[in-house]
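Hello,

Here is the structure I promised to send. My notes on it follow below.

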Amino acid sequence: MIALEEKQRVNLPRQEQFTFALEKKLVSWHMFVAIVALALGTLFGPLQSLEHMGINLYPFLQPLLQSYYQGLTLHGVLNALVWTTFFITGFLTLTTVRGLNKPLAQPWLSWLGFWVMTVGLLMAAVPLLLNMASVLYTFYPPLQAPWYFYLGLTLVVVGSWVSGWSMFGTYMAWRKENKGVTTPFLALTSLIVMALWQICTLGIAAEILGMILPWSLGWVSGIDPQLARTLFWFTGHPLVYFWLLPAYISWYGMVPKQAGGKLFSEPMARFAFWLFLLLSVPLGFHHQYVDPGVPAGWKFLHAVLTYAVFFPSLLTAFNVIASMEVGGKARGGKGLFGWIRALPWDEPSFTAQALAMILFAFGGISGLVNASYNINLVVHNTAWVPGHFHLTVGTAVTLSFIGILYWLLPHLTGNALWSRKVALWQAWIWFVGMAIFSRGMHAAGLLGAPRRTMLGVAMENYGNSEWRVPLMMVGIGGIILLVSAILFFLNMVMTAYFSKEKVQVEMPVAEPLNAELTPAWLDSWKPWLVGAAALIIIGYGPMLFQLISNVAMTSPGFNVWQ
Ligand code: HAS
Ligand code: CU
């Protein structure tokens, strides 16, 4: 009995014993690069949405920005790849050390990771800015960029691996000192996300190192686009959970505290994370339903598994809403829905994340449509798809990260948030802007508007007047989003550099509602890693074997944008 109580106690957040000064510095650097990337990347969004509503500003931006496709690539790479990867690597480092209550065992490894990522970013930035790598963020061959663009992207990934090894090393050192103790929630979930990342990026590593680099260096004359796409989506789908799960860590591990409550079920939350590790990888063919060369049976298998990975998100919806209900009721909310009004809507960090959750419910629904093997044929490669991913990565993830920064930046710098009011407005404006924008995108997609196309020009040329209203919504939504983004950056800059008020802001850490014992199978890596490996072998093994045995490195590189 005593041993049991002892075990339960260590599951609860402990008093801070360390200052984590070094980690805070490291995380601040990650956040700095992340915010700069978001600031630059976001600028291109409104240009695209204005073009869609018929206001084409590209001719006025020459030679700084040479085409729609250069802007679109910068937008996708900076927002979807750079902002996310830098934010996440920094955030997970912090949640790991704070969860374990142990400073990094090898901080130099994390610094090395950060600098490798940064050098990679600079390397990729040069050809992007010179319009030499306008290959979009998916860089599908046979579009071809200079080799240093791909090497730069590789270094960003490798750098994040190195930072991950530093997290794993710290965990192992902690484990030695804490034999038999259940891994604290924040640390366990962060390590699961990092493990998922290290497993899933093997696809893109094989694609770039094995095919694209030798080809872009001219060592081989051609490439096999089919195999390259398959390897890309091996990474590309789990990539979206690498983006999403840090937001989930906050929704489970922090937001309940901010809402004045507790995490409804910690074991269920842990279970959801393990399910993501188990299921996230062998789903990539749901991005390739229309690709030739992959038999329907494999696509169907990936469709079924995509539905399976819906489940941990449904668990999450149930668990985070229940946690907020606990909070709302503790704050005096009464009745079936009264608790919603009682939530701390005057708190920007909470509000931004709650609004991100609400839009994510809709993003999940459009994901359901995408995942349906037959219905996907209606929406694939249409504006519907960017409609979907602006609700997911563009809101569930980005607005949550913004919400996190509203406590994190004061936590890291000791400076009070410049304006809570502006932050609150920012979150609501994002919510409204994105709702209008994505409604327009989804509708235009259903009317057949293709994605990755200058739709304003296309509408003129082909006279598709029924696109006009949805594309108007895209343009208006884009302008509203620009206002929101400016308010966010203003708040970040003012807080970081011009704040006069010093504060001590703690990381919000939610306690579980019931200090239940975590069952051993929810704190054990082996079954989940073995299961994930088995599912990957089943879901990808035979098809990859076939594609690799029949590899046809025949396609030359194309540059269609210069
Ligand atoms: Fe997706 C395409 C299927 C989730 C991102 N997706 C994309 C692309 C991106 C992307 C970037 O099956 C485009 C790639 C490209 O460039 O070609 N997606 C899904 C499915 C899910 C899903 C089934 N996607 C995401 C997430 C992303 C993301 C997350 C980024 C972070 N997606 C697809 C498919 C395609 C695709 C196909 C290919 C389309 C094509 O043809 O090209 C699911 O994981 C979604 C599950 C989500 C839910 C919602 C749970 C709700 C929660 C919140 C509850 C809280 C509330 C708050 C309501 C089931 C957890 C209450 C508030 C109070 C205050 C009380
Ligand atoms: Cu996917």
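Contact here means heavy atoms within 4.5 Å. By that rule, and leaving out residues up to four places away in sequence, Trp 243 touches Ala 80, Leu 81, Thr 84, Ile 88, Tyr 137, Val 393, Val 397 and Phe 401.

Some ground rules. This is a predicted model, in which local features need pLDDT of at least 70 and side-chain atom pairs count only at pLDDT 80 or more, while totals for chains, interfaces and linings use all residues. Residues are numbered from 1 along each chain as its sequence is written, chains are lettered from A and ligands numbered from 1 in the order in which they are written, and side-chain values use heavy atoms, with hydrogens and water left out.

**Core**

Trp 243 also belongs to the largest nonpolar core, which has 170 residues. Such a core is a set of buried Ala, Val, Leu, Ile, Met, Phe, Trp, Tyr and Cys residues joined through side-chain atoms within 4.5 Å. Buried means under 20% relative accessible area, exposed over 50%, partly exposed in between (1.4 Å probe, protein chains only). Phe 87, Phe 139, Phe 149, Trp 243 and Trp 251 touch the most other members. Helix H6 (residues 185-216) gives the largest share of this core, 19 residues. Helices are DSSP runs (H or I, at least four residues), numbered from the N terminus.

**Copper ion (ligand 2)**

Which protein atoms are the donors of the copper ion? They are His 237 (ND1), His 286 (NE2) and His 287 (NE2), at 1.9 to 2.1 Å. Donors are N, O and S atoms within 2.8 Å of the metal (3.2 Å for Na, K and Ca); water is not among the atoms, so sites may look incomplete. The sequence spacing of the donor residues is H-x48-H-H. His 237 sits in helix H7 (residues 225-253), and His 286 in the loop between helix H9 (266-279) and helix H10 (296-330), 49 residues apart. Both His 237 and His 286 are buried.

**Ligand 1**

The iron atom of ligand 1 lies 4.6 Å from the copper ion. Its single donor from the protein is His 388 (NE2), 2.2 Å away. His 388 is in helix H14.

A shell of 36 residues surrounds ligand 1 (a heavy atom within 4 Å). The closest are Tyr 241, Asn 376, His 380, His 388 and Arg 451. H12 (348-371) gives the most, with eight residues.

The side chain of His 380 makes one at 2.5 Å, and that of Arg 451 another at 2.7 Å.

Best wishes

Technical notes
Helices (H or I, at least four residues) and strands (E, at least two) are DSSP runs, numbered from the N terminus. A polar contact is a pair of N or O atoms within 3.5 Å; within protein, one must be able to donate a hydrogen and the other to accept it, and residues adjacent in sequence count only if both atoms are side-chain atoms.
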